[in-house]
Structures are given as C-alpha cells and as structure tokens.
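Subject: Handover of a structure

Dear colleague,

Please find the structure below.

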Amino acid sequence: AGSPTASMRPATERNKTVSVSFGQHCWSASSTVYVQATSAMDGEHICVLDPISNCIVQTVHFLDMAMAPIACMALTRLYLIVATQTGTLYFVQTRDNQIAHTTHLHISAEPRHIAIAPSYTYFLIGGANSTVYQLPLTLEHGLLDTFSLKPSKVLDYHAGAISGLAAIPGSYRIATAGTDGTFRIWSYTRGLEREGNQTGLIAKSQFLSPITCMSLVPHPYLPILLLALGFGTGTVRLFTLDGQDLKKAPAPVFMARIHSAPVQRISINPRALCLVTAGRGDGMMSFIHWEVEADSRSTVTVLGYTPMPDLVQGFAWNAVNDQVTNVFAVTEMGDVVRMTPPALAQAAPQLELQNKAIQKGLIHTNT
C-alpha cells in the first residue's frame, strides 16, 4: 500500500465555472459532509462541505486523473473510505482530509456498498455479484494497518432469481438453484458462525447456463441424494450427492437436451425410478427412467415424450401401490392431468399420449 498525498484547495481559489456532477455522500458525526464530485477539469474528487455555511471548505483530489469512478464511500472514526469501481480503496483522514493510504482489493466484483462494524474492527464490502467481503480495520495509536487488508468472502448469495428450493431431510440444510447458474447448499442454523470460509454456505456449483428448475430428493435406501436440474437451454442434468458429506461436489450422472425451449418444471419420483420434465414453450412433457445401483452407479433412459394441452406449472407424485405410481401435472389454465409413467419395458423412442388419453386423465378443469 502506498501513501499518496492529497492536494487541497479552498473553494475560494477556484474561480472558474465548471460543470460538476455529484454522487455518493457521507455525513460525519461532526456534521461535515463528504460528497463525491466529478468534473472534466478535476476528474473524480471529494468535496468537503460545511452544511452550516453551505460552503465547500476543502476539496480532496486524487493523483490519478484517470481513476475509475467512485462506487461507494463510508466513514469510520478516523477515515473516509472511498472505493472505486475497479476495487481501489482510498483512506482519507478526517482530521485534515489528507489521503493517508491506498490499496487495491483483489475481488471479482465491482464494489457497491460499504458498511462499518459498530466495533470499528472490520468493514464489509458488497459486490455487484451479490457477494459480501469482510476486511479488517485495525486501529492502533491512530494508525491503519493496511497490510492486513486481505478480503475474505463471508456471504455469497444468488445474483438473480432463485429458481429452485428444497429442504434436505435429516439436517438443517437447504438447497437452492438460481438463474445465475449456481446450485448451492446452505446451513440455516449457523447464524454468523463460520462453516468453511463462508457464512452459512456449505457448497456451491457453477454452471454456464441459467438454472430454471430443480428437484432434489433422498434415495429411498442409499445414503445419497438425487438432484435434477433444468436449464434455460432445454438441457436436463442429473447428479448424485453424498448425503453424509454435502461439501462434496455433485457427481454428474446424465446430461441431454430434452426440450427445445427452457425447462419449465422437473420432478423426481421419490421412489427413485422416474422423473418428469416439462418445457416452457415446446408444449412437451418427458419421462425419464433413473435407476441407481447399490454401488451408486446410475442407469438413465429417456422413455419418451407426450404433448401437453397447456404450460405445466407443477408436478405431484402419488404411489397407488408397489407397482403403480401416478404423476399429476397442473397446467397454467388450472387443469390437473393424471398420468402413469410407462415401465422401462414399454419405452419407445417417442411416447405419444393422444388427446383422448389426455382427456381421460383430466380429473379437474378450472372453469
């Protein structure tokens, strides 16, 4: 970390009229206001405002006229912390408005917000990718230890909508999937205690495409979890998870583009023999056979497809007996359709249920 010196010019010395835009601002306990300002002449700078006289009493200039725009600011007891969009931190001493320290954050996202801990021992920076970083703020004899400013990731949330949520039986754990392409497992009883290096986050898997739906169920007799993910590309991916060690990455089992449109819904039969999927715009519903051996090896077979009269909004399973399990599909128009997935021996390249069969299975119509 270097220690550049800020130049200060009283407002009375600035006689030229220039166009200045203002942005971030902080109000100190002594009623001094620090305002981010940008102009063609001075670039990014900080105006120190006396709210009583409505005058700019000082201006803090940065040595780099081409510095990135200021993203956020916050005040401690001794410093104004200024973060730029590229992750550079400036520490301006509030006693004389001099830049005392500067350092660069090695984080993967643009800073958006800064929050100072009430104890003034650390501060948090929120990134544009829904990630929160913690940095130490060690104050001894009025000095800031900038060499210890190594950010640690403490919160890592979805950067977009959550498209799937499931509770993991027998544990204080939940799983989520999001349109940011991540699948995550969380501990929801840890509070602010740490598990690994992130608060509450047990595991995270990143995919290239947005996840549009998810189904997660425990295997009926093996210590594993069955995970099915649907993607915006129409692809369906199947995984197994170690139920005794959720920090392990999901083990891939199957991947195929099942639909020509984003996958709208996906659901695994809790008996672990079948799953169904529905497309968002192709009007199709698919049946997939999934069998897991005792050694956790999987056999996956696409049984076939059937057209649906409307967009499927949800699935539900019902075991009639040991041989028969029905699946219920709810459509956007409020219809409920009952179907029995075909057995593996009846699998055909294209399983077509004609409209008469669909009407036969129609047990409720929303009128």
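In this account, a residue is called buried under 20% relative accessible area, exposed over 50% and partly exposed in between, with a 1.4 Å probe and protein chains only. The model is predicted, so local features need pLDDT of at least 70 and side-chain atom pairs count only at pLDDT 80 or more, while totals for chains, interfaces and linings use all residues. Residues are numbered from 1 along each chain as its sequence is written, and side-chain values use heavy atoms, leaving out hydrogens and water.

Both Tyr79 and Phe91 are buried. Their ring centres are 6.2 Å apart and the planes stand at 90°, so the pair is edge-to-face (centres within 6.5 Å; planes under 30 degrees apart are stacked, over 60 edge-to-face, the rest tilted; rings of Phe, Tyr and the six-membered ring of Trp). Tyr79 lies in strand S7 (residues 79-84) and Phe91 in strand S8, 12 residues apart; strands are DSSP runs (E, at least two residues) numbered from the N terminus. Ring pairs also link Phe207, Phe231 and Phe239 into a cluster.

S7 and S8 belong to an open antiparallel sheet of 4 strands, in the order S6-S7-S8-S9, where pairing requires at least two DSSP bridges between two strands. Strands S6 (70-75) and S9 (98-104) are at the edges, each with a single partner strand, so one side of each has no neighbour in the sheet. S8 (residues 88-93) is joined to S9 by 6 bridges, and Gln93 stands opposite Gln98 in S9.

Yours sincerely
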